[in-house]
Amino acid sequence: MLLPKFDFHEPATLTEACQIMAEYGTKARVIAGGTDLMVNMKRKLVSPEQLVSIGRIEELKKFDSTSNVLKLGSCFTVADIEASEVIGKKWSALCAAAGALGSPLIRNLATIGGNLASARPAADLPPPLMAYGARVVLKKKSGERVVSMDNFFRGGALTEIAPNEILSEIQIDAPPPYSGASYINLSSRSACDCNLVNIASFIALDGPGGTIKSARIVMGCVGPTHMRAPSAEKLLIGEKPTEAIFAKAAEAAMQDSSPRGFAESRASAEYKKDMVRVLTNRTLSAAYKEAMMQ
Amino acid sequence: MKSLIHMTINDKEYEVAVQPNQTLVDVLRYELRLTGTKKGCGTGDCGSCTVIMDGKPVNSCLVLAVQANGRKITTIEGLESEEGLHPVQKAFTEKGAIQCGFCSPGMILSSKSLLDRNPKPSEEEIRRAISGNLCRCTGYQKIVDAVKSVIE
């Protein structure tokens, strides 16, 4: 498979990279690990005139867990997320999602920023990031802005990232005590496969053995973008965490989802809805288990 | 326009003029005649293009040659030493883990990479480590057995 022709830029700093993006705008595409973009370019779905590699910019690989907010550079690899003890302990659902992505070979190249910027509804990292209430930093020549993951995906492979912006950092607050999260993805194969349905659930209790004070349920593959399950979340608030309430929430999540059942969707809409119910139930139970372990 | 890149491949220094849109696998195979690395799918799904880059196994079909500039690369050709075949290579040949041989370079590099990080992996860890390498011939069992046999 041949790649289209392009001019290649490899800026050493983020400032330089923003400069190039400001100059070329829509004619340029950012490449980091390339595990999504290279495939699209080989399939001639994307043919940028300018390719801007941000893979050597040191500040984009940062890992800052010193404060109450985890700050990951957008070029931090998925393999490194999977291997991180800190992330595994405090943000276990993100660790699980990283381990589910692609294959070990892909994970060594793929970046957290790329998994967000490629805006695939079946992507592994967005559900736990949204469940943890993460934010992204979008940087351009004239400044930067912080966008909540809830407002990041616009549908149809579009994100909040403007043509002259670069996704530079992902920020995740430390979860409160007595909270837990879980990520489960369903696919035909255990590696190198696109998800059929993937769900991340987060619940926070108001004390040990207390009631649920906040809940976030994020569903992938069942709509044009990753989506929350608002009616499921609503009915959990103020309730004691029981099997019965989780089952009720799972039914509600099923209603919140809107899979379209296209030929390319890899599964029928009915099956996907049913799996939303099953995986929501399982992730809520697992999130509760984690909340109780603290 | 071509640019000059430098790579250390199998402990040897290479200087190659490459186009921006040339992949690492193409430069290895066509420019450097290191044809042990294979081309299968071209999209990072089969793993036959596996090389070890800066200590990590990657799909070389997804790496632009220009992105490999200044990096240390090990291809299957780099595993044999003066003492002979690498233990993983030897195990593959002895345990029937090679049929057509097309997946073997990638399988061996992924396995070697695992054992470098984790000298005593479980069967599950072995299977997970080679989950990015597809084999159409063997059904994987003898490949797993070969890796197991290298564990002391």
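Domain bounds, as used here, come from an automatic or database domain assignment. On that basis, chain B is divided into domain 1 (3-77) and domain 2 (87-150). The structure is a predicted model, in which local features need pLDDT of at least 70 and side-chain atom pairs count only at pLDDT 80 or more, while totals for chains, interfaces and linings use all residues. Residues are numbered from 1 along each chain as its sequence is written, and chains are lettered from A and ligands numbered from 1 in the order in which they are written.

Contact between them (two residues are in contact if their C-beta atoms, placed from the backbone, lie within 7 Å) takes 12 residues from domain 1 of chain B and 11 residues from domain 2 of chain B. On the domain 1 side, the largest share, three residues, comes from strand E3 (residues 50-53) of chain B. Helices (H or I, at least four residues) and strands (E, at least two) are DSSP runs, numbered from the N terminus. The domain 1 side that touches domain 2 of chain B divides into six nonpolar, five polar and one charged. Here Ala, Val, Leu, Ile, Met, Phe, Trp, Tyr, Cys and Pro count as nonpolar, Asp, Glu, Lys and Arg as charged, and the others, Gly among them, as polar.

A residue is buried if 20 or more other C-beta atoms lie within 10 Å of its own, exposed if 12 or fewer, and partly exposed in between, with C-beta atoms placed from the backbone. Strands pair if DSSP finds at least two bridges between them. E3(B) runs antiparallel to E4(B), and four bridges join them; Val51(B) stands opposite Val58(B) in E4(B). Two residues lie between the strands of this hairpin, where Asp54(B) takes a positive phi near 50 degrees. E3(B) is also joined by two bridges to strand E5 (residues 72-74) of chain B, again antiparallel, with Ile73(B) in E5(B) as the bridge partner of Met53(B).

Strand E4 (residues 56-59) of chain B holds Asn59(B), which is buried because 34 other C-beta atoms lie within 10 Å. Not counting residues up to four places away in sequence, Asn59(B) touches Leu105(A) and Ile106(A) as well as Gly44(B), Gly47(B), Cys49(B) and Thr50(B). Between the chains, 18 residues of chain B are in contact with 25 residues of chain A. E4(B) gives the largest share of the chain B side, four residues, and that side divides into six nonpolar, 10 polar and two charged.

Buried residues make up 51% of the 294 residues in chain A. By contrast, Pro177(A) counts as exposed, because it has 11 C-beta neighbours inside 10 Å.
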